[in-house]
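Student: I am new to this structure. Could you show me how to read its features, one at a time?
Tutor: Gladly. Here it is.

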Amino acid sequence: MSGLLERIGRGSVRRPWLTIVFWVLLVVAALGVASAAGGTTADDYDVPGTSSQAGTDLLRERFPQLAGTEARVVLHNTGGALDAGVVQQVTQRLGEVPDVGFVGEPRVSDDGDTALIDLRYRVPVTDLGAGAVDELREAAAPATGAGLTVEYAGQVPEGERAGGSSGEVAGLLAALVVLVLAFGSVLAAGLPILVALFGLGFGMAIILLLAAVTEVGTSAPTSAAMIGLGVGIDYALLIITRHVEGLRGGLSPAEAAVRAITTAGRSVLVAGATVLISLAGLFFSGLAAFRSFGYATMLMVVAMLLASITLVPALSVLAGRRLLSRRARKAADAGHGLAAAVTAPTLTGRWAAAVARRPLAGALGALTVLLLLAAPALSMRTWPQDAGTQSSDQTVRRAYDLIAAEYGPGAYAPLAVVVDLDRTPAAELEPTVARLAAVPGVAEVGAPLISADGRAAVISVQAAYAPKDERTPELVETLRSGVLPPGAEVTGVTAVFVDIAGLLAERLWLVVALVVGVSILFQIIVFRSLLVPLKAAVVNLLGVSAAYGVLTAVFQFGWGHQLVGIDHAVPVSTWVPLLLFAALFGLSMDYEVFLLSRIREEWLRTGDPRASVIRGLAATGRVITCAALIMVVVFAGFISSGDIILKMIGLGLAAAVALDATVIRMVLVPATMTLFGKANWWLPSWLDRILPAVRVEAPETPAASEEAEPVAATR
């Protein structure tokens with residue numbers, strides 16, 4: 001690995017402008033091709049092997065006019081009863097919207113001030129153009145002109161995600177401020193962000209091209225960008241920090257760049273591999289939406305890795321000694337030498353020594369903090385998502401509130417009972433409707449609708465509870481278990497979400513076992529140790545659990561929910577725990593690799609387990625803190641998103657990374673490694689012989705300064 005990285009580094013250093021021009025042309029060409037041939041994103045909620053999917057498939061076969069993309073238009077008059085003429089005019093115009101195959105009769109509320117109009121498209125939502133919602137607005141123009149409130153619900157407006165917020169830009173600006181404070185050089189601060197932006201452009205282009213040949217979820221590109229920016233800036237930061245260390249040690253810019261790639265570059269590749277391993281676990285989730293998130297984010301991480309190991313050496317050698325702080329350059333010009341600035345003990349060096357002096361107290365204290373934060377997760381309740389969990393500035397949420405107020409909490413997403421009349425006699429329909437109406441929790445049952453060929457029937461069932469109510473899954477199971485005749489299935493969005501929640505609850509543990517197991521094996525190979533990988537897995541699981549606890553406390557318990565821009569407590573989205581685990585386990589391993597690779601260097605050089613922990617933490621503590629702070633501000637920027645799932649992912653990632661870089665990496669890991677001593681690096685000789693050799697430590701380590709900090713200015 002080191003030979004390949006050295007060749008890449010020397011190639012970039014010898015031809016820096018060629019490397020930069022190549023990346024500019026690559027990104028421009030990729031974005032150009034993506035804009036011309038890229039696809040559109042869409043959510044695939046098919047859940048093979050479930051009752052809801054069987055019902056959906058039957059609905060698509062026997063009721064094609066009802067199985068297409070759904071939209072609903074809500075007309076409301078705050079001043080009294082609706083004008084029936086306006087309602088009929090809007091209904092007629094909706095039937096003329098392109099690709100609309102069915103428009104239901106308006107359902108007028110009991111007080112006459114609200115009308116609900118259902119419509120179905122003949123094509124899937126992926127085939128609708130970007131202006132589908134605008135076409136609905138145009139059709140409803142007579143109602144708007146008459147002063148009525150018009151809101152939109154269903155798949156079409158739900159696919160119109162809230163636009164990007166200023167939080168993402170603010171996150172990048174905050175990251176720039178952190179880097180300026182860390183390096184004491186505006187140029188050095190800008191390089192990691194510039195490299196990450198190159199990787200982001202290339203990665204997004206590849207994701208859009210991927211969407212042209214397979215389905216990519218609507219949230220996948222944004223989530224991939226969120227994680228990609230975080231890891232991209234971190235990877236570039238680690239390499240640049242090693243480069244600055246080389247400059248401070250007296251190396252020329254070219255040699256410092258090559259050495260940074262052959263040392264820190266190796267750690268970056270290993271860290272990236274752990275992220276990819278974690279994300280690959282999503283392929284075992286059983287859902288297409290998770291698979292799309294997995295490969296979209298994996299592509300983004302690969303783009304960031306390529307940008308980091310090729311662009312950083314080129315930009316670093318062009319920047320020369322200007323990457324050093326002004327004080328360090330003045331010290332060198334005055335003849336004091338660059339290395340002299342790092343000989344004095346630093347804050348992280350003193351902290352490392354303090355942790356090593358009282359490792360048991362540090363370990364117990366850190367463990368207590370993590371367990372306390374994780375405690376709320378024991379009460380976590382999940383529900384995939386619905387319009388009722390979204391922000392009130394979105395039309396789907398306002399439509400949800402109107403429908404719930406006028407027609408009941410279960411009216412927004414009624415259940416659909418699909419009956420196969422080839423298996424169930426038509427005479428059973430009337431008794432089935434009666435049994436459904438008698439079930440506690442059922443508010444209303446519609447008359448059976450028979451298919452054109454007479455081979456199927458569909459019955460609309462409105463629950464008395466909101467879709468996210470914890471009683472709704474129980475109602476669905478009650479209907480399936482003893483109410484319906486053979487050949488009848490419960491489907492609809494609510495039933496699909498019930499099945500998704502159950503599937504993900506089962507698959508979560510499979511994904512956890514696979515990701516943790518493969519990560520442990522990979523780290524055994526890399527670090528030649530049994531205890532270190534096992535400890536890392538346990539510690540990272542504690543960090544993920546703490547993040548779950550924070551999410552539960554904020555979103556479900558409602559502690560400080562206004563601070564994240566929601567107006568009421570909501571369940572944690574079913575999508576989030578598995579996505580967070582896959583992302584966080586990999587990101588946590590990033591910092592584990594950064595820290596342990598340096599500790600291992602010192603262990604191999606000195607053979608002193610306690611001193612190697614102190615020196616390893618002293619050498620990486622500040623860069624890990626800096627990198628984590630950057631990730632936190634980037635992830636926190638997404639909390640301002642209008643989409644509830646992105647809010648949860650942003651808060652979960654920000655909280656977990658903050659805990660990982662402080663409580664875990666600065667206290668728990670060094671404390672436990674000090675306690676375990678030489679046992680950290682024990683590996684049976686027979687296992688050592690059969691494992692492939694992968695090194696993350698430097699092939700030769702010169703006398704190391706106590707702190708390979710990214711800064712001189714902040715000391």
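Tutor: Start with one term. Buried means under 20% relative accessible area. Keep in mind that this is a predicted model.

Student: Which of the two is Trp23, buried or exposed?
Tutor: Trp23 is buried, and Phe198 is buried too. Phe202 is also buried.

Student: How many aromatic pairs does the structure hold?
Tutor: The structure holds nine aromatic pairs. To read one, look at two things: how far apart the ring centres lie, and the angle between the planes. Planes over 60 degrees apart count as edge-to-face. Take Trp23 and Phe198. Their ring centres are 6.5 Å apart and their planes stand at 75 degrees, so this pair is edge-to-face.

Student: Where in the chain do Trp23 and Phe198 sit?
Tutor: Trp23 is in helix α2 (residues 16-37), and Phe198 is in helix α9 (residues 186-211).

Student: What is the geometry of the rings of Trp23 and Phe202?
Tutor: Here the centres are 6.0 Å apart and the planes are at 85 degrees, so this pair is edge-to-face. It also links distant parts of the chain: Trp23 in helix α2 and Phe202 in helix α9 are 179 residues apart.

Student: Now for empty space. What shows where it is left?
Tutor: A probe the size of a water molecule is rolled over the atoms, and this shows where empty space is left. In this model, the second largest pocket holds about 520 Å³ of space.

Student: Which residues lie nearest the centre of the second largest pocket?
Tutor: They are Met380, Leu508, Trp509, Tyr548 and Pro577, out of 21 lining residues.

Student: Which helix gives the most to that lining?
Tutor: Helix α19 does, with six residues. At least two residues each come from α15 (359-374), α19 (493-527), α20 (531-556) and α21 (575-606).

Student: What is the lining of the second largest pocket made of, by class?
Tutor: Count by class. The lining has 18 nonpolar residues, three polar ones and no charged ones.

Student: One last residue. Where is Arg665 placed?
Tutor: Arg665 is in helix α23 (residues 644-676). Its relative accessible area is 0%, so Arg665 is buried.

Student: Which residues is Arg665 in contact with, leaving aside its neighbours within four places in sequence?
Tutor: Among them are Asn540, Ser588, Tyr591, Glu592, Leu595 and Leu617. Others include Ile624, Asp660 and Pro670.

Note on methods
Residues numbered from 1 in each chain as written. Predicted model: local features only at pLDDT ≥ 70, side-chain atom pairs only at ≥ 80, totals over all residues. Heavy atoms only, no water. 1 Å grid on protein atoms, 1.4 Å probe; cavity = no way out; pocket = protein on both sides within 12 Å on 5 of 7 lines; lining within 4 Å. Points joined across faces, edges and corners; volume = space filled by probe spheres on them. Helix = DSSP H or I, 4+ residues; strand = E, 2+ residues; numbered from the N terminus. Nonpolar A, V, L, I, M, F, W, Y, C, P; charged D, E, K, R; others polar. Phe/Tyr/Trp six-rings, centres within 6.5 Å; stacked < 30°, edge-to-face > 60°. Buried < 20%, exposed > 50% of the residue type's maximum accessible area, 1.4 Å probe, protein only. Contact = heavy atoms within 4.5 Å.
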